[in-house]
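I'm opening my notebook on a new chain today. My plan is to look things up one at a time and jot down what I find.

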Amino acid sequence: MKRRELLKYIGLTAGTVALSGSASILSAAEKNSKSKRVLRIAHITDVHIRPEENAPERFVQCLEEIKKHKVDFFLNGGDSIYAADYDTITRDRVNELWKVWSETTKEISGFEMHSCLGNHDMWWAAPNKQDSMYGKEHVVKQLGIPKRYYSFDKKGWHFIILDSNNGGGSLDEEQRLWLEKDLQTIAVGTPVVCMSHYPILAVCTHVDGGNHTDSKYISDLFYKHKDKKITCISGHIHLLDEAVYNNVHYYCNGALSGFWWERGDKDSAGKSFYKQTPPGYAIIDLFEDGSVKNQYFPHSF
Ligand SMILES: [Zn+2]
């Protein structure tokens, strides 16, 4: 074989290798689709419900649409209400926001909803810490969740719901110890979905920031449990983002409210977009083999 022909031959071989490489990726995807789906979840986050902007009616329309996906239950990623955390927010306003939340979510009263706390959900401006509406406990009650962080099991999957709101996207010491124990108690190989409000890891930190500040601690902990197939979901930054690190997938599923139900600003790529991310929600399919399909559905309400 002449040198030029040999090079041509090598080139072809390389091409064939590349092709068979992508073919094997395809067959993995195919395998995934053949594995039995055990759960379908709706992940809504950053609903930021408010009486303005016709948001209640638009939110209910979204929920009607989501129900058509025939989901088993809802995961709500926090920032359920527009904002209770600013110094100027009054008791009446906080009550008004939670009232709209409870009225609109009646649309899905037939479904379980497991929620986590968002940074805008807490009323820190209450007259004092003894006030029944002060801080996290009131939000826990409004959302009907057992605690500010908790876990539960469903059809062989373990769900961990974290409270990121400990000084700008972080776990506190008590919660870290709990999380370490929680991961130890589940069986080897158990698939896990972990929901937090702030992304534990995200690619788009160059845009706004807003990650967990203790990402290193959490990803190191997850690595100690690499036998468990862990998938993380989040919101907070209103951006659609996906990161993979040490075989753990981190999906940030935009925001249901997009640009807080408003039209947007000069950086919005479309109506109600936050930057290039449209308002939407995710439908997450969980399969028997521990694999996950996370799909973001933009909505136009
Ligand atoms: Zn947030």
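Before anything else, I need a rule for pairing: two strands pair if DSSP finds at least two bridges between them. I also need to know what counts as an element: helices (H or I, at least four residues) and strands (E, at least two) are DSSP runs, numbered from the N terminus. With that settled, I looked at strand 5 (residues 157-161) and strand 6 (residues 192-195), which run parallel and are joined by four bridges.

A note on what I'm looking at: this is a predicted model, where local features need pLDDT of at least 70 and side-chain atom pairs count only at pLDDT 80 or more, while totals for chains, interfaces and linings use all residues. Residues are numbered from 1 along each chain as its sequence is written.

**Entry 1: the overview.** I found six helices and 11 strands in the chain. How much of the chain counts as buried? It's 39% of the 301 residues, where buried means 20 or more other C-beta atoms within 10 Å of a residue's own, exposed means 12 or fewer, partly exposed is in between, and C-beta atoms are placed from the backbone. I then checked contacts (C-beta atoms, placed from the backbone, within 7 Å). Among contacts with a separation of 6 or more, 68% come from residues 24 or more positions apart.

Entry 2: I traced an open sheet of six strands in the order 4-5-6-7-9-8, with mixed pairing. Its edge strands, strand 4 (150-154) and strand 8 (240-245), each pair on one side only.

**Entry 3: Met 195.** I picked Met 195 in strand 6 and saw that Ile 161 stands opposite. Which residues does Met 195 touch, not counting residues up to four places away in sequence? They are Leu 75, Gly 77, Cys 116, Ile 161, Leu 162 and Ile 233. Next I looked up the nonpolar core, meaning a set of buried Ala, Val, Leu, Ile, Met, Phe, Trp, Tyr and Cys residues joined through C-beta atoms within 7 Å. The largest one has 66 residues, and Met 195 is one of those with the most contacts inside it, a list including Leu 97 and Cys 232.

**Entry 4: helix 2.** I compared lengths here. Then I listed the buried residues of helix 2: Ala 55, Arg 58, Phe 59, Cys 62, Leu 63 and Ile 66. Seen down the axis, they fall within an arc of 145° (taken from the directions from the helix axis to the C-beta atoms), so they line one face of the helix. In general, an α-helix has 3.6 residues a turn, so residues three or four places apart point the same way. What do the buried residues of helix 2 pack against? I found strand 1, helix 3 (91-104) and strand 10. On the other side of helix 2, Glu 57 and Glu 64 are exposed.

Entry 5: Most residues other than glycine have a negative phi. Glu 53, not a glycine, has a positive phi of about 60°. I found Glu 53 in the loop between strand 1 (37-44) and helix 2 (55-67). Glu 53 counts as partly exposed because 17 C-beta neighbours lie inside 10 Å. Lys 275 also has a positive phi, near 50°, and is found in the loop between strand 9 (248-253) and strand 10 (280-287).

Key
Contact = placed C-beta atoms within 7 Å.
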